[in-house]
Amino acid sequence: MIDGKNILLGVTGGIASYKVVDLCSRLVKEGANLKIIMTKAATKFVSPLTFETMGRCKVYTDIFEGHHDHVYHVDLAKWADLFLIAPLSANTLAKITYGIADNFLTACLLAYDKDLIVAPAMNSNMYTNVATQKNLLTLVNRGVKIIEPSEGLLACNVIGPGRMEEPENIVKYIEDYFTEKDLLNKKVIVTAGPTIEPIDYVRYITNHSSGKMGYHIANEAKKRGAEVILISGPVEPFKISGIKKVDIKTNLDLQKEIDKEFTDSDALIMAAAPTDYKVKDVADKKIKKSGQNLSLDLIENIDILKYISSKKDKQIVIGFAAETENLIKNAQKKLNEKKVDYIIANNLKMEGAGFNVDTNIASLVSKDGVEHLEKMTKKELANKILDLIK
């Protein structure tokens, strides 16, 4: 991940440079080692002292700074694991396209021989200008990774493309970049969230599943290079780009969507919490109160995990067991009856585990035994689970 990585940050002139102060703070919190180069124009928007404070590092602005034993624009290029330029102005874009090295940043870039990531930011007309688009295409053909700007209201009071991507998303991009792609060429289906079963035209049965566990699994699988199919109940704890997302409501919806993708998949991770029961006769209009109790005739839903496991060939199938008692006994029973490869078991009554929290305390149950895990974030647990299919 980002922790311990040496990131050389180039800041060019533009109003978006104020957002890079937040970016610095986020990278430091993720454990990155920062060094920062600012162009002369960038210092007109934000002072070097601000970046030194937030980045907890030295800021370089003068190419002639140095001593006989240090050539800083060369030393920094060697030091960096990654060179990130944010914001990238149209002027600096043009310079690096043609190899111009007339300041510290562009000279350092010529001495740098690893991956470059840039986040352009400029006026819409400048961004869509033929010259700018040609320069961006040239960088793409060289292998430069471009974090595309978004559309919105710009500082020049124009609505259009050119807004530098938000710092939070740039950090996610960099985290993705540093993640080992050990699931390349793997197709992984992840289910997440609850299902709902209608009672009448307006009411339904569901459960407390937030979808957080499944979404973290899908996001981490994407970062590790997998083709991800996320089949989600009616929740969205956070957005994930770069995957196929399918929205479902009922158990039958869930079953059908898994069926569509399962045959050529490598793994199914069933983090969703399907409702176990449904109403036998669903009313096609709202049931009105009558002053008396209402009785519902509930019948068992199809066991999707058991159904899918009966069809598996090469696929690894991982199920979940959310229990309130006899955790391991019930998980082992589920493992054997449903013929899955692993059960991720957790006790809903344990503090820091279960629904609607950001942590979990799980046990990995397989035919080979039980591995008890410490309390960890759901993101960390997601990677533990993905290690099972690596």
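I took buried to mean under 20% relative accessible area, exposed over 50%, and partly exposed in between (1.4 Å probe, protein chains only). I worked on a predicted model, in which local features need pLDDT of at least 70 and side-chain atom pairs count only at pLDDT 80 or more, while totals for chains, interfaces and linings use all residues. Residues are numbered from 1 along each chain as its sequence is written, and side-chain values use heavy atoms, with hydrogens and water left out.

**Entry 1: helix α5.** I took helices (H or I, at least four residues) and strands (E, at least two) as DSSP runs, numbered from the N terminus. I looked up α5 (residues 104-111) and found it mostly covered, with six of its eight residues buried. The buried residues in α5 are Phe104, Leu105, Thr106, Ala107, Cys108 and Leu109.

**Entry 2: salt bridges.** I counted a side-chain nitrogen of Lys or Arg within 4 Å of a carboxyl oxygen of Asp or Glu as a salt bridge. The count by this rule is 26. I noted one between Lys19 and Glu166, at 3.1 Å from N to O. Lys19 belongs to helix α1 (residues 17-29) and Glu166 to the loop between β8 (159-163) and α8 (167-178), so this pair ties together parts 147 residues apart in sequence. Lys19 is buried at a relative accessible area of 9%, whereas Glu166 is partly exposed at 33%.

I then looked up Asp176 and Lys222, whose closest N and O atoms are 3.6 Å apart in a salt bridge. Asp176 is in helix α8 and Lys222 in helix α9 (residues 212-223), so the pair ties together parts 46 residues apart in sequence. Both Asp176 and Lys222 are buried. I also recorded a network of salt bridges that links Glu175, Glu220, Lys223 and Lys379.

**Entry 3: aromatic rings.** I paired rings of Phe, Tyr and Trp (its six-membered ring) if their centres lie within 6.5 Å; planes under 30 degrees apart count as stacked, over 60 as edge-to-face and the rest as tilted. This rule gives five aromatic pairs. Tyr60 and Tyr72 form a tilted pair, 5.5 Å centre to centre with 50° between the planes. The pair links strand β3 (residues 59-60), which holds Tyr60, with helix α3 (residues 72-79), which holds Tyr72. Tyr60 is buried at a relative accessible area of 6%, and Tyr72 counts as buried at 16%. I found Tyr60, Tyr72 and Phe104 in one aromatic cluster.
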